[in-house]
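Here are my notes for you on this one. Have a look at the model first, then read the points with the picture beside you.

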Amino acid sequence: MALMTTGFHLPYDPNLRERARDLRKSQTKWEKKLWFEFLSNKTPQFYRQKPIDHYIADFYCPKLKLVIEIDGNQHLAEDSIEYDRIRSEVLESYCLKIIRFSNSDIEKSFDFVCSSIQKELDKKSLPY
């Protein structure tokens, strides 16, 4: 499948747009918590369920080239681990940084998750 690009945005599979829209409508409770209690009002802006290449990132901040993934138990299966490894390699090939948290991290260590993300935001916003 050919990827779409405008030259200003990362390439994406246009067939994923509808799937991404559906995922935004049916976020998991952990994605909702992170979005509504932390990311939705952040500057720079984050987007939910953003198609990039042939994948959909849970959360993406284009200004900081930062992807945040929230992984459920299905990501512990052997085939999922390999899929996530390949997916990460592809996303990293666009110079994106990926940080991952588990549903359990959101549930039990939400303050830690938020502070970890904030550290990334602070690092990226430092002048060079």
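1. What you're looking at. This is a predicted model, where local features need pLDDT of at least 70 and side-chain atom pairs count only at pLDDT 80 or more, while totals for chains, interfaces and linings use all residues. Residues are numbered from 1 along each chain as its sequence is written, and side-chain values use heavy atoms, with hydrogens and water left out.

2. The overall layout. The protein chain has 5 helices and 4 strands. Helices (H or I, at least four residues) and strands (E, at least two) are DSSP runs, numbered from the N terminus. Follow the protein chain along its sequence and you'll read α-α-β-β-β-α-β-α-α.

3. Of the protein chain's 128 residues, 38% count as buried.

4. How many of the residues of β2 are buried? The count is 7 of 7, so β2 is mostly covered by the cut-off of under 20% relative accessible area. Two strands pair if DSSP finds at least two bridges between them. β1 and β2 run antiparallel and are joined by 5 bridges; Ile 52 has Tyr 55 in β2 as its bridge partner.

5. Aromatic pairs. Rings of Phe, Tyr and Trp (its six-membered ring) pair if their centres lie within 6.5 Å; planes under 30 degrees apart count as stacked, over 60 as edge-to-face and the rest as tilted. That rule gives 2 aromatic pairs. Trp 35 and Phe 59 are stacked, because their ring centres are 6.0 Å apart and their planes are at 5°. This pair links distant parts of the chain, 24 residues apart: Trp 35 is in helix α2 (residues 29-39) and Phe 59 in strand β2 (residues 55-61). Trp 35 and Phe 59 are both buried.

6. The other pair. Why do Tyr 55 and Tyr 83 count as edge-to-face? Their ring centres lie 5.8 Å apart and their planes are at 70°, so the pair gets that label. Tyr 55 is in strand β2 and Tyr 83 in helix α3 (residues 78-92), so the pair ties together parts 28 residues apart in sequence. Tyr 55 is buried, at 12% relative accessible area, whereas Tyr 83 is partly exposed, at 46%.

7. Charges over rings. A charge sits over a ring if NZ of Lys or CZ of Arg is within 6 Å of the ring centre and within 35 degrees of the ring normal. Look for the charged end of Lys 33 over the ring of Phe 110, 4.5 Å from its centre. Lys 50 lies over the face of Tyr 47, at 5.8 Å from the ring centre.

8. Backbone details to check. The peptide bond from Thr 43 to Pro 44 is cis, with omega near 0°, and Pro 44 lies in the loop between α2 and β1 (47-52). Gln 49 isn't a glycine, yet has a positive phi of about 45°; Gln 49 is in strand β1 and is buried, at 2% relative accessible area. Cys 95, also not a glycine, has a positive phi near 65°. Cys 95 is in the loop between α3 and β4 (97-102) and is exposed, at 59%.

Methods: Buried < 20%, exposed > 50% of the residue type's maximum accessible area, 1.4 Å probe, protein only.
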